[in-house]
Amino acid sequence: MTIPQKFFIERSIEILYRGTIDSYRVRARNPKSILEELKNTISAFERKQLKHFISITATAQSKFALRDEALDFITLQPNYLKFVTFSAEFFQVQLKQLTENNFKQVKNCVEIILNENVSYLTEVLNGLKVLLGQNPPPGNDLFELLKNLDTTLTILFTELLEVGFSKGFLYRYLFAAFVNNFTAAGDFDVEFDLFRDRVTVVPGTYQIVFKLDTTPEVIQGIQAIGNGVQLLNDLAQFNHLVGNAEFDRFSTPHANRRFILCDIVAQDYLGALKIAKGLLAENLDVLNLGFSDQTINVHSRVLVIDAGNINDAQFQVTTNFLDGKYKVAREHYEQFIVKLPALNANTFIFPETKEKIKSAIRYLRLGNESTEVEHKFINYWIGLEYLFSNYESSDTINRIKGYFVACHSLSYVKRNAFDFHKNVSKLPPLELALITQYDEDPLVCLVNPNFYIQISSILLQERPLIAYRASQLGSVLAPVTGNHLIKKYVEKHQKNSLIHFTRIYRLRNEIVHDAATNTNNESIAANLRYYLTFILNGVIDFLSVVDSRHKGIEDYFTLNEIYLANLSHNGWGLMDSLCVTTPIDFIH
């Protein structure tokens, strides 16, 4: 395989893997979907559903908003957008002039662009095919090609999620096709064409079967409602699966047992399961109105059958798995739980701070235990609101934006650099031995420009992703010539974070005020869980240091702002950025 082909496999798996840190996972939007979001948000403002225009165009206080993200995507190259009626430059001018007094003009422009890009997915796939067909020798041209591949793959997978594919299916498909079943003699082009065919095929029909144990009264209620579901007494119509051990257990009859069948049109079986779960939840919500005192037990395992190939049947769990990896070494966890009792016993910590921490932990737990993504989202958000609320200010969202972004920006360079060092340390011993500039102490090698140069050179052929990452990080943190770009690196992160929090707050309002359930926000719920876990760890770590001063959560927020301002004042030195005190080792 060529280096670009290997990069495609490695970067695709990384983008879709749940344990990848959020900087390298699939993004919430791409150049096309940001325009759809812009159109929908303007429409919401037009019909008075959205009361303020600041979520579209920023004020001096909010700094950045949706328009700024759209402008970034329009200037991104490659972005695969076609501009037929007018140029991209003209549209940029219109965006920059967008206000609440002239939004209709921009909305009409966006609608025209979207109509001209109905085949956007095909354009991206064709562009990806062209990039994969190139194979320049090692050097600047190759790293530029890898950068374009990185941009294209991020756009592609965001688009696939937008059109209804599930991240779990895409990860499993690519891992099976290009890792498990792929050999050195395998034909990459054949597998890629099969992948392209699979993601451009028309949606298929899937049969989703839930097993329900309940009472006769509820069974009658389900029969009466019949909202898009069929109630089955048994699974005789799936007798071709008899002999499968799990199916035999699953289909065992019982007096008060019924099966609910949903016929779903979807892009893949996990996407079909998600739709079916929503349909089942709607029916259960109605049933709960009249049978709140009755037992309704929906089993956690669900039968999923491809109607186009009835022998393709498998069992799936109904749990929603969010992105993010939080499994930690036991010693770190033990350190963490020891701090909590000490914090509660410390009389120098303000009582309201202790209550905020208890409430945030409670809502973190409730979010983790919730089965519906919207419930996870709301619980995580409430936990954040508890931590950032203040009696003197009702503007909690701006406190979150200001204080959280400062706290996270302080640790951003350290987190990403240490994550890179950790990935290097996991290389096979023979490969790691080739990196003579490596040291077990990250502070030794991460400040050494030759560390990044050596990795990007030696590992390029066999591990292009880590070589590319070394090249990218090295040019930012420790360039051989010229000044580092840490300030620009952090400011870009701050801008993205401010825009994303505005999006999250708008989604929060849609769920709370408009009862929205189709927000497609698994990735955003995962972001919220990470934000809440990150800030909780930081606060608890800070307050666990015993001294004779009264202190509270506000001290943690203001001190992080001071430390961040001091880093900026001193020119964002790399060693200073890597030595900030932040409990990043608890969160992975």
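Over the face of which residue does R469 lie, and at what distance from the ring centre? R469 lies over the face of Y24, at 3.7 Å from the ring centre; a charge counts as over a ring if NZ of Lys or CZ of Arg is within 6 Å of the ring centre and within 35 degrees of the ring normal. K414 is likewise placed over the face of F418, at 5.5 Å from the ring centre.

The model is predicted, with local features requiring pLDDT of at least 70 and side-chain atom pairs pLDDT 80 or more, while totals for chains, interfaces and linings use all residues. Residues are numbered from 1 along each chain as its sequence is written, and side-chain values use heavy atoms, without hydrogens and water.

Aromatic rings also meet one another. The structure holds 36 aromatic pairs, that is, rings of Phe, Tyr and Trp (its six-membered ring) with centres within 6.5 Å. One aromatic cluster is formed by F8, F165, F169, Y173, F178, F188, F192, F195 and Y269.

Two of these residues, F8 and F178, also belong to the contact of helix α1 with helix α8. In α1, F8, I9, S12, I13 and L16 meet K167, L170, Y171, L174, F175, F178 and V179 of α8, contact meaning heavy atoms within 4.5 Å. The residues of this contact divide into ten nonpolar, one polar and one charged.

A further region involves H550, in the loop between α22 (522–543) and α23 (553–569). H550 and I349 are 201 residues apart in sequence, yet 5.7 Å apart in space, C-alpha to C-alpha. Leaving aside residues up to four places away in sequence, H550 touches T347, F348, F350 and D555.

Notes:
Helices (H or I, at least four residues) and strands (E, at least two) are DSSP runs, numbered from the N terminus. Ala, Val, Leu, Ile, Met, Phe, Trp, Tyr, Cys and Pro count as nonpolar, Asp, Glu, Lys and Arg as charged, and the others, Gly among them, as polar. Rings of Phe, Tyr and Trp (its six-membered ring) pair if their centres lie within 6.5 Å; planes under 30 degrees apart count as stacked, over 60 as edge-to-face and the rest as tilted.
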